[in-house]
Amino acid sequence: YVPPESYWRSLVYFNVYRLIVGLTLGILTWYSSGRAVTGAQNLELFYVACLGSALTALFALVACTWRQPAFLIQLAFTLIADIVFVTLMIYASGGIGNGLELMLFVTLAAGGLIGRGRLAMFYASIATIAVLAEETLRMFAFGDGTQYLQTGLLSTGYFAVAWLAHTLAQ
């Protein structure tokens, strides 16, 4: 399978977006000196997640210019890395309800559109498992697991966005 040039270009734009978001969130949180909601629970973990997101985006940009590894492998790496780092940012910021979980909608929509619908539901399921695991970890670590309903509704939204992206890509 050899994807056209437009697929690679879309992946480059998505990685530029990821790089900008990772750096911007880290810089704005640092600039707010702890007054922001982001990183409220674990500021160091939030910075690590921002840096990790930016570095994986930079790595993916370099890999896109070389066209190695294959397109679908790069897309999977990019999306899964984004899901992991955004989930870490959510955890470090006090859980669901701070707005960071909405960034996964962009990730899932981009994944469905860039990949032309392939594996869109798979990425939605990974995002769902990640936010449910975050909420469960929060419940065990802090006794604060009262947002399962919101997490479930959010997960339903993830699948809806993935399905819509898949349908539009067809």
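Which residue forms a salt bridge with Arg18, and how far apart are the closest N and O atoms? The partner is Asp82, and the closest N and O atoms of the pair are 3.5 Å apart. A salt bridge here is a side-chain nitrogen of Lys or Arg within 4 Å of a carboxyl oxygen of Asp or Glu. The model is predicted: local features need pLDDT of at least 70, side-chain atom pairs count only at pLDDT 80 or more, and totals for chains, interfaces and linings use all residues. Residues are numbered from 1 along each chain as its sequence is written, and side-chain values use heavy atoms, with hydrogens and water left out.

Arg18 sits in helix α1 and Asp82 in helix α3, 64 residues apart, so the pair links distant parts of the chain. Helices are DSSP runs (H or I, at least four residues), numbered from the N terminus. Arg18 is buried, with a relative accessible area of 1%, and Asp82 is buried too, at 6%. Buried means under 20% relative accessible area, exposed means over 50%, and partly exposed lies in between, with a 1.4 Å probe and protein chains only.

By the salt-bridge rule the count comes to three. Another of them joins the side chains of Arg67 and Glu5, at 2.7 Å from N to O. Arg67 lies in the loop between α2 (43–66) and α3 (71–92), and Glu5 lies in helix α1 (residues 5–31), so this pair ties together parts that are 62 residues apart in sequence. Arg67 is partly exposed, with a relative accessible area of 29%, and Glu5 is partly exposed at 44%.

A further salt bridge is formed by Arg138 with Glu134, where the closest N and O atoms are 3.1 Å apart. Both residues lie in helix α5, four residues apart, about one turn of the helix. Arg138 is buried, with a relative accessible area of 1%, and Glu134 counts as buried at 4% relative accessibility.

Next comes helix packing. Two packed helices are described by the angle between their axes and the distance between the axes. The axes are lines fitted to C-alpha atoms, for helices over the stretch in contact, and angles run from 0 to 180 degrees between N-to-C directions.

The axes of α2 and α3 come within 8 Å and cross at roughly 170 degrees. These two helices are therefore roughly antiparallel to each other, a term for angles over 145 degrees. Residues of α2 including Phe46, Phe59 and Ala60 meet residues of α3 including Phe77, Asp82 and Phe85, where contact means heavy atoms within 4.5 Å. By class, this contact has 15 nonpolar, five polar and one charged residues. Nonpolar covers Ala, Val, Leu, Ile, Met, Phe, Trp, Tyr, Cys and Pro; charged covers Asp, Glu, Lys and Arg; the others, Gly among them, are polar.

Ala60 also has a C-alpha 9.4 Å from that of Val16, although the two are 44 residues apart in sequence. Val16 lies in helix α1 and is partly exposed, with a relative accessible area of 33%.

The axes of helix α5 (residues 120–142) and helix α6 (residues 148–169) come within 8 Å and cross at roughly 170 degrees. α5 and α6 are therefore roughly antiparallel to each other. Among the residues of α5 in this contact are Met121, Leu132 and Glu135, and α6 contributes residues including Tyr158, Phe159 and Trp163. The residues of the contact divide into twelve nonpolar, six polar and one charged.

Notes
Angles under 35 degrees count as roughly parallel, over 145 as roughly antiparallel, 65 to 115 as roughly perpendicular and the rest as oblique.
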